[in-house]
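Please keep the sequence and the model at hand while reading.

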Amino acid sequence: MPTTTVVPTVTAAPAGGAVAGKIVNYGTDKDTFKRGERATGFITVQNTGSTPINDITASVSASASLPVIGSTSVGSKDYTFNNLNIKPGQTKRIEFTVDIPSEYKGVSTAGDYDLHVTVRSGNTDIGSFSKSVKVT
């Protein structure tokens, strides 16, 4: 069974209307994917500040579990979402897609992967989470 860990970071809005928010939900459309398939990930962000959240960057890093050497990093990518206009108190779901390659440099991409996602708006941490998925 895949495991998930969430560690949301809530930042209080100081005077002057700084951005603040938290992750209230996250995940992928399923926990097991076939090689060559398109995966959909999502985060749901709640604006806990006093000014709209317009831009969010989700930094995703992946590591693979290898039987002999343990876990190794297999890459990272930033997804940037603009013009979101999440008003104070509002919650919005943001989705992104990833095409899973069938192979990489001649090697099958089948295996177990741990995804770690950090969400920011400008210089403000919104939160982070980890999720495990399987590619068959």
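Phe81 is buried, because its relative accessible area is 13% and buried means under 20%, with over 50% called exposed and values in between called partly exposed, for a 1.4 Å probe and protein chains only. The model is a predicted one, in which local features need pLDDT of at least 70 and side-chain atom pairs count only at pLDDT 80 or more, while totals for chains, interfaces and linings use all residues. Residues are numbered from 1 along each chain as its sequence is written, and side-chain values use heavy atoms, with hydrogens and water left out.

**Phe81 and its surroundings**

- Leaving aside residues up to four places away in sequence, Phe81 touches Asn54, Asp55, Ile56, Ala58, Ile94, Glu95 and Phe96, where contact means heavy atoms within 4.5 Å.
- Phe81 and Phe96 form a tilted aromatic pair, with 6.3 Å from centre to centre and 45° between the planes; rings of Phe, Tyr and Trp (its six-membered ring) pair if their centres lie within 6.5 Å, and planes under 30 degrees apart count as stacked, over 60 as edge-to-face and the rest as tilted.
- Since Phe81 lies in strand β6 and Phe96 in strand β7, the pair ties together parts that are 15 residues apart in sequence; strands (E, at least two residues) and helices (H or I, at least four) are DSSP runs, numbered from the N terminus.
- Phe96, at 12% relative accessibility, also counts as buried, and ring pairs link Tyr79, Phe81 and Phe96 into a cluster.

**Other aromatic arrangements**

- A search of the whole structure finds three aromatic pairs.
- One of them is the stacked pair of Tyr26 and Phe129, whose centres are 4.0 Å apart and whose planes are 25° apart.
- This pair links distant parts of the chain, with Tyr26 in strand β2 and Phe129 in strand β11, 103 residues apart.
- Tyr26 counts as buried at 15% relative accessibility, and Phe129 is buried with a relative accessible area of 5%.
- Arg93 lies over the face of Phe42, at 3.8 Å from the ring centre; a charge sits over a ring if NZ of Lys or CZ of Arg is within 6 Å of the ring centre and within 35 degrees of the ring normal.

**Nonpolar cores**

- The largest nonpolar core has 18 residues, and those with the most contacts inside it are Ile43, Val45, Ile56, Phe81, Ile94 and Val119; such a core is a set of buried Ala, Val, Leu, Ile, Met, Phe, Trp, Tyr and Cys residues joined through side-chain atoms within 4.5 Å.
- At least two residues of this core come from each of β2 (21-28), β4 (38-47), β5 (56-66), β6 (70-81), β7 (91-99), β10 (111-121) and β11 (124-135), and β5 gives the most, with three residues.
- Apart from this core lies another, of seven residues, among them Phe33, Ala39, Ile100 and Val135.

**The largest pocket**

- The largest pocket has a volume of about 920 Å³, a volume being the space filled by probe spheres set on grid points that are joined across faces, edges and corners.
- On a 1 Å grid over the protein atoms alone, a pocket is an open set of points where a 1.4 Å probe fits, with protein on both sides within 12 Å along at least five of seven lines, and lining residues have an atom within 4 Å of a point.
- Of the 34 residues that line the largest pocket, Ala62, Val74, Pro101, Tyr113 and Leu115 are the closest to its centre.
- The strands β2, β4, β5, β6, β7, β9 (107-108), β10 and β11 each supply at least two residues of this lining.

**Individual residues**

- Asn83, in the loop between β6 and β7, has a phi near 55°, a positive value in a residue other than glycine, and counts as exposed at 70% relative accessibility.
- Asn85 lies in the loop between β6 and β7, has a positive phi near 50°, and counts as partly exposed at 34% relative accessibility.
- Ser63 lies in strand β5 and is buried, with a relative accessible area of 17%.

**The chain overall**

- The secondary structure of the chain comes to zero helices and 11 strands, and 33% of its 136 residues count as buried.
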